[in-house]
Amino acid sequence: MTFAKLGLIEPLLRTLQALGYSTPTPVQAQAIPAVLAGRDLMAAAQTGTGKTAGFALPVLQRLALEGAKVDSNSIRALVLVPTRELAEQVHATVRQYAEHLPLSTYAVYGGVSINPQMMRLRRGVDLLVATPGRLLDLFRQNALKFGQVQTLVLDEADRMLDLGFAEELQAVYAALPRKRQTLLFSATFSEQIRLLAGLALNDPLSVEVSPRNAAATTVRQSLVPVDKKRKADLFCHLLRKQRWSQVLVFAKTRNGVDQLVERLLAEGVKADGIHGDRPQATRQRALDSFKAREIQVLVATDVAARGLDIDDLPLVVNLDLPIVAEDYVHRIGRTGRAGNKGEAISLVCADEVQLLSAIETLIRQTLPRHEEADFIPDHRVPMTDASGQVLKKPKKPKKPKKPKENSAKRGLGKWMDSSDDAAPTVKPVRKVPSFGGPRKRKP
Ligand code: AMP
């Protein structure tokens, strides 16, 4: 299969050749002809498999061929993304693809001054990448009109459609022309989101190039059980011992990000952090220096979980598991991209066992465990499996008390390796609720 066979025009083919894209990825092979034909689309494909080009190339082509001139303060195609960093990245990619086309592209997002954005929009923009909040600000201040919009793309569509963005999305939908093409792209779609999304689409084509909600197969995954209070120690220990060259770390809270960054800096490790409380310029600078390999460790909340494309990133570490199971798939999808290999290690404490179980159920895999000597937890992490069961260590039959020699063994706190657990008659305790539903929190 070639890009030419998919029906792309010469200026785009020239750009793709210069970028070294010789063959379309599976999602591109399916999505490009459908989008060119004007279909609505719901496309699911694993992280790092070229979804951006899957929508950007055909949308740009349609804009170029159906060449109505864009009016002042108007746009012809709108790509909505959940984070500011992703807006920058998607726009940079789109601009590259549009290099030989007579089209204008631009990105608007919050956390930076609105005035330059208003000025730029006066001239009109063919393809605009935006985060919903700033887009609506611009719309409500009459800096943007939607009458000419022919295509709407929701990148990271399940995130865009969940509760966190619901109000803003409603307002955008209400303002857009009813007759338009709508394209949804993501690596994960819950059933609920699928149903909700279907309502907003016109006779949509569903593109699924991998099993639903699958983690990228190029990522080797594992977990290390550890007590909660020792997670940062374990991370620093593994960083030194394994000589990790570059690592993206996800923490649950903004505080957690700051604390780990502080600790790493104190230990002489080049590190920086990204979270919602940091000024946008600082966030973007931290990401840019990480992409340029000027820092070794980037610590982030889930604000960095979606879409970010960091060349050849070898490792993602979950200092804490995500609350929403789908975010696990996106977090670890920052590595193992474009066919490269990657690794994802989660540091899991006993409190997180239900989150772990929800993740394993979603990805239909049981994560292999590796215990780290000196960090074997006192609070054991119960065994889990991909069926959603948390398996508790069975109670041992009461034995008469023995003197000391056994207590040392008990103190090891090993669940997997202790010889008396070799073939436990484990029993399921209860089904774990799914954490895959909508959420309200901001990362
Ligand atoms: P995306 O999933 O859109 O973020 O793309 C992941 C990575 O794959 C990016 O670094 C793209 O530049 C790269 N990529 C996308 N499509 C292709 C292709 N057909 N051939 C080679 N690399 C690609």
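A polar contact is taken here as a pair of N or O atoms within 3.5 Å. The model is predicted, so that local features require pLDDT of at least 70 and side-chain atom pairs pLDDT 80 or more, whereas totals for chains, interfaces and linings draw on all residues. Residues are numbered from 1 along each chain as its sequence is written, and side-chain values rest on heavy atoms, with hydrogens and water left out.

Around the ligand stand 13 residues (a heavy atom within 4 Å), of which Y21, Q28, T52, D309 and R337 come nearest. The side chain of Y21 places an N or O atom 2.5 Å from an oxygen atom of the ligand, and a polar side-chain atom of T52 lies 2.7 Å from a ligand oxygen, while the side chain of Q28 has an N or O atom 2.8 Å from a nitrogen atom of the ligand. Of the 490 Å² that the ligand exposes when taken alone, the protein buries 79% (Shrake-Rupley method, 1.4 Å probe).

Domain 1 (4-208) and domain 2 (219-375), with bounds from an automatic or database domain assignment, both contribute residues to the shell, and the ligand therefore lies between them.

How values were computed. A polar contact is a pair of N or O atoms within 3.5 Å; within protein, one must be able to donate a hydrogen and the other to accept it, and residues adjacent in sequence count only if both atoms are side-chain atoms.
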